[in-house]
Amino acid sequence: MKNDYVDMVTKFNDHVFASATRIGELNMRTFEQLASKQAEIVNQCLESSAKQYEVLTSAKDYKEAMVAQSELLKGCNEKFLANLRETTEMLSSVREELTGMVEEAVKYTSKSVEKASELATKKVA
């Protein structure tokens, strides 16, 4: 009977450790993806600043500068929205994966509790 409890606890601990490892790996992948996206956005901002400087220094008059800046701003807004969509999709994917892990853990825990109840019932009987 003692061996059954020890086996159950050992399996439960192994499962908890595996789940923690998977969550850690998911966190690391998410961090890497977000860091990569952030570097991409910073690069786009620097490129935009360089273009803005170029536009302002090459403009012949105020109207030309305003039109060029307006076009530049339009492009920046499009890139911003695209980055926002990509980041949202990435985080939604992470949420779905994490939800799957939680559902799996709940099922496993429920089965473990049932098995513990069965072992306790056998011990009493």
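Is Phe 12 buried, partly exposed or exposed? With a relative accessible area of 30%, Phe 12 is partly exposed (buried means under 20%, exposed over 50%, partly exposed in between, with a 1.4 Å probe and protein chains only).

This is a predicted model, in which local features need pLDDT of at least 70 and side-chain atom pairs count only at pLDDT 80 or more, while totals for chains, interfaces and linings use all residues. Residues are numbered from 1 along each chain as its sequence is written, and side-chain values use heavy atoms, with hydrogens and water left out.

Next, select Tyr 108, which is partly exposed at 23% relative accessible area. The count comes to one aromatic pair (ring centres within 6.5 Å; planes under 30 degrees apart are stacked, over 60 edge-to-face, the rest tilted). The ring centres of Phe 12 and Tyr 108 are 6.2 Å apart and their planes lie at 20°, so the pair is stacked. Because Phe 12 belongs to helix H1 and Tyr 108 to helix H2, the pair ties together parts that are 96 residues apart in sequence (helices are DSSP runs of H or I, at least four residues, numbered from the N terminus).

Now select residues 2-58, helix H1, whose buried residues include Met 8, Leu 26 and Thr 30. From Thr 30, go to Ser 93 in helix H2: the C-alpha atoms of Ser 93 and Thr 30 are separated by 9.8 Å, although the two are 63 residues apart along the chain. Ser 93 counts as partly exposed, at 41% relative accessibility.

Finish at Val 102, which also lies in helix H2 and is partly exposed at 47% relative accessibility.

Technical notes
Helices (H or I, at least four residues) and strands (E, at least two) are DSSP runs, numbered from the N terminus. The expected span of a helix is 1.5 Å times one less than its number of residues. Rings of Phe, Tyr and Trp (its six-membered ring) pair if their centres lie within 6.5 Å; planes under 30 degrees apart count as stacked, over 60 as edge-to-face and the rest as tilted.
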